[in-house]
Amino acid sequence: MDPRPPPPRTRRHGEPRLALLAVPFALIAVVTLVDVLAPPEVHLGPFLVAAPALTASFAGPRTTGIVGAVAVLAQVVVAVSRTTLTDLNHTFQIIALILISAFVTFFAHLREVHEAQLTQLRSVAEAAQQVVLRPLRERMGPLRVASVYLAAEAEALIGGDLYAAARTAHGTRLLIGDVRGKGLDAVGEAAVVLGAFRAAAHLDAGLPELVARLDAAVAADRDEEDGTPGRPEGEGFTTAAVVDVPDRGTTVEVVSCGHPPPLLLRGDRVVALEVAHPAPPLGLAELVDFGYTAQSFAFEPGDVLLLYTDGVIEARDASGAFYPLPDRAAAARPGAAGPEALLRRLCADLLRHSPGGRLGDDAAMVAVERLAPRAGPDPKGTT
């Protein structure tokens with residue numbers, strides 16, 4: 001299950017809350033009553049313009065126009081009650097109120113059109129999210145899996161962080177990474193890495209060969225993009241951790257490409273799986289003479305492997321202190337909580353740690369728990 005919070009529901013355009021709609025009508029009633037009873041030298045009519053202006057901030061053009069018409073009618077009532085419609089002062093007040101009501105009604109229309117465009121863009125982003133960053137299956141062989149993505153940008157659904165998982169004939173392979181940069185370029189490069197992983201992860205090749213394919217894909221994409229206006233040449237790389245969990249046995253293989261080390265949660269202990277020979281980030285291997293090496297670690301039934309991006313550990317609180325993920329991960333797993341409960345608690349704690357619940361960078365986490373091996377073959381497939 002992918003516990004990412006669903007996108008906020010959008011209220012239908014032009015459907016204001018009744019409590020808010022009562023405010024401009026109450027304002028019109030109060031101003032009209034006081035203006036009628038006020039001394040001749042006191043004129044409160046200009047305050048009526050606040051009613052349609054306030055309505056335009058939360059309602060559609062039709063409702064704004066109705067409120068504006070009611071305000072004009074109220075100004076007419078005031079003019080008739082105090083003097084006559086032909087009184088120069090009231091005539092100019094009525095004309096000014098009509099013009100301003102027309103203007104704010106037009107602006108409410110423009111806002112409604114803009115909101116409709118944003119809603120359409122959001123639906124497109126949701127569709128793109130499902131293609132680029134597919135939800136991970138809850139069960140993959142002897143593993144229980146959960147994932148979460150927290151975007152730093154308001155209303156954003158996906159950025160440069162990435163994760164994926166694939167079944168092979170002998171186990172499960174997982175990828176987590178962080179593309180250098182932000183924005184649409186980062187999303188495009190994330191799609192390149194994910195596409196290369198999904199194409200090659202289930203092939204009968206070792207983990208070092210798989211990582212080499214990912215590096216080649218990133219390097220090729222960078223070479224194609226060099227010379228693009230606004231993008232410096234030679235840039236474009238991805239930090240990543242690639243993991244292979246065999247169905248049989250009690251080990252896990254890890255290749256780290258400049259990425260924060262996975263955490264192994266065993267009981268109340270948390271161990272960072274630091275590889276002895278870390279590789280350079282994907283896309284930079286051609287710049288150094290380097291051969292990929294996979295390192296094995298113990299991964300027993302009941303253990304949980306936590307993969308994450310640097311947006312988690314680099315989140316700061318109000319005092320500037322970084323988020324202490326190992327300590328919080330140990331505290332978030334009372335009673336050997338499963339991966340989904342673990343991520344739910346960590347996400348809530350991470351947002352409490354960040355000022356105003358806003359992260360400074362995108363953050364992604366994948367939690368994998370090894371269960372006792374199931375009897376019978378598990379169908380292969382990629383998520």
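Me: Which residues of H1 are buried, and why are they said to be on the same side?

Reply: The buried ones are Leu21, Pro24, Ile28, Val31, Thr32 and Asp35. Around the axis they cover an arc of only 100°, so they are on the same side of H1. Their packing partners are helix H2 (50-56) and helix H3 (61-82).

Me: How do you know that the reach of H1 is close to the expected one?

Reply: H1 covers residues 18-37, which is 20 residues.

Me: What makes strand E3 "mostly covered"?

Reply: Buried means under 20% relative accessible area, so we check E3 (residues 161-167) against that cut-off: seven of its seven residues pass. Both faces are covered, with Asp161, Tyr163, Ala165 and Arg167 buried on one side and Leu162, Ala164 and Ala166 buried on the other.

Me: Why are E3 and strand E4 said to pair?

Reply: Pairing needs at least two bridges, and E3 and E4 (residues 171-179) have seven, so they qualify. The pairing is antiparallel, and arginine 167 has threonine 172 in E4 as its bridge partner. Three residues lie between the two strands of this hairpin.

Me: Why are E1 and E8 called edge strands?

Reply: The open sheet has six strands in the order E1-E2-E11-E10-E7-E8, with antiparallel pairing. Strand E1 (139-140) and strand E8 (269-272) each have a single partner strand, so one side of each is left without a neighbour in the sheet. Elsewhere in this sheet, eight bridges join E2 to E11, and serine 147 is partnered by valine 366 in E11.

Me: How confident is the predictor, and where should I be careful?

Reply: The chain averages a pLDDT of 84, and 83% of the residues score at least 70. Over residues 1-16, though, the pLDDT is below 50. Where pLDDT is low, the predicted coordinates should not be read in detail.

Methods
Residues are numbered from 1 along each chain as its sequence is written. This is a predicted model: local features need pLDDT of at least 70, side-chain atom pairs count only at pLDDT 80 or more; totals for chains, interfaces and linings use all residues. Side-chain values use heavy atoms; hydrogens and water are left out. Helices (H or I, at least four residues) and strands (E, at least two) are DSSP runs, numbered from the N terminus. Buried means under 20% relative accessible area, exposed over 50%, partly exposed in between (1.4 Å probe, protein chains only). pLDDT is the predictor's confidence in each residue, from 0 to 100. Contact means heavy atoms within 4.5 Å. The expected span of a helix is 1.5 Å times one less than its number of residues. The arc is that of the directions from the helix axis to the C-beta atoms.
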